[in-house]
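Please look over the chain below before reading on.

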Amino acid sequence: RFIAKPCAINLGIQDSGPHRAQPNAILEKVFTSITKSPDGKRLEGLSKQLDWDVRKIQRWFRHRRNQDKPTTLTKFCESMWRFTFYLSIFFYGVRLLWTAPWLWDTRQCWYNYPFQPLTPSLYYYYILELAFYWSLMFSQFTDIKRKDFLIMFIHHFAAVGLLSFSYMNNMVRVGTLVLCLHDSSDFLLEAAKLANYAKYQRLCDAFFMLFGVVFIVTRLGIYPFWILNTTLFESWELIGPYPSWWLFNGLLVLMQVLHIIWSYLIIRTASKALVRGKVSKDDRSDVESSSEEEDVTSNSTKGIFSTSSNGSNLLNSHVATGQWTGE
């Protein structure tokens, strides 16, 4: 309200949403009480009742659905909040771990386990991260539904489960490594979204490409060969198969499966964009096209991210694949 919104206004982002539907009591009653997407039979009935063309009624329902969607200003403010949190918590984690012995030698995560002190800095790091992921888990039900809703819910559930489990079992050392690793790429995606909302397309593409590189290196390289190596093998060697070993590592492996899926989507998106030089319509768009004719004549994709003038919008295509921020 006091920081993000003034920044957005200074960047020329207007607090204006999609085209509003023409007031109509009959269609509004159908929309609110019966269905937001009427089938062909109901459209024919409404057409006879109102003496409207079916295409006009379809367009009205599209506009009506769209006017409930968040504006670009709202999305900018949300992304700026997430960018601020991810960036702040990442640097906090780096500062915390830089002098920690287990950052440089992961076997230190298991020496003297479970009799390892929980310092105030570790405690606050964990509480902040846990609170944030709980908020994401609940807000996902009130936000606009995406195609990757189930994947993101599983991710948030696994994150909350891992945080809670590792905290209760005093596995905070390895837990901090996992947290800092995941935070290393999240703020880059939010930065790309901010640049896109402000229509700095080249900056947006640059941030997204950087995000993709960091994501793949950390999730497909460092995570399995550094984190999973210490939780699967070093912990077994140093403290043995403790009772919850299977649950703990099962959740970590589940996270790795999600990493592979998202990395595949990022690589596929980048390769398609490089080959074609342009992207198709955003399949996860939270604003629908108002008509088929508008889809053909419009020079921009009416989605979360608009297509740049040169047709190259990696971030829009990235969203179309199903990967979102979330991760």
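In which loop does P114 lie? P114 is found in the loop between α6 and α7, and a cis peptide bond, with omega at about 5 degrees, joins P114 to Y113. The model is a predicted one, and every value quoted here is computed from it.

**Overall make-up**

- The protein holds 13 helices and zero strands, so that, read from the N terminus on, its elements run α-α-α-α-α-α-α-α-α-α-α-α-α.
- Of the 327 residues of the protein, 50% count as buried.
- When contacts between residues at least 6 apart in sequence are taken, 78% of them join residues that are at least 24 apart.

**Helix α9 and what follows**

- After α9 comes K199, and the phi of K199 is positive, near 65 degrees.
- R202 has its place in helix α10, which comprises residues 201–239, and with a relative accessible area of 75% R202 is exposed, because the cut-off for that class is over 50%.
- Although R202 and A192 are ten residues apart along the chain, their C-alpha atoms are separated by 9.7 Å.

**The pairing of α5 and α7**

- Helix α5 (residues 72–98) packs against helix α7 (residues 120–139) at an angle of about 155 degrees, and the two axes are 11 Å apart.
- Because angles over 145 degrees count as roughly antiparallel, α5 is placed in that class relative to α7.
- The crossing that α5 and α7 make is left-handed.
- On the α5 side the residues that meet α7 are W81, R82, F85, Y86, I89, Y92, G93 and L96, while α7 brings S121, L122, Y124, Y125, L128, E129, F132 and L136.

**The α6 region**

- P101 lies in helix α6, which runs over residues 101–104, and its relative accessibility of 43% makes P101 partly exposed, because that class lies between 20% and 50%.
- In sequence P101 and R173 are 72 residues apart, whereas in space the distance between them, C-alpha to C-alpha, is 9.7 Å.

**Backbone features in the loops**

- Most residues other than glycine have a negative phi, and most peptide bonds are trans.
- N112, which is not a glycine, has a positive phi of about 60 degrees; N112 lies in the loop between α6 and α7, and at 62% relative accessibility N112 counts as exposed.
- N170, likewise a residue other than glycine, has a positive phi near 60 degrees; N170 is found in the loop between α8 (149–168) and α9.
- Is N170 buried or exposed? At 17% relative accessibility N170 counts as buried, because the value falls under the 20% cut-off.

Technical notes:
Residues are numbered from 1 along each chain as its sequence is written. This is a predicted model: local features need pLDDT of at least 70, side-chain atom pairs count only at pLDDT 80 or more; totals for chains, interfaces and linings use all residues. Side-chain values use heavy atoms; hydrogens and water are left out. Helices (H or I, at least four residues) and strands (E, at least two) are DSSP runs, numbered from the N terminus. Axes are lines fitted to C-alpha atoms, for helices over the stretch in contact, and angles run from 0 to 180 degrees between N-to-C directions. Angles under 35 degrees count as roughly parallel, over 145 as roughly antiparallel, 65 to 115 as roughly perpendicular and the rest as oblique. A crossing is left-handed if the near helix is turned anticlockwise from the far one by less than a right angle, and right-handed if clockwise. Contact means heavy atoms within 4.5 Å. Buried means under 20% relative accessible area, exposed over 50%, partly exposed in between (1.4 Å probe, protein chains only).
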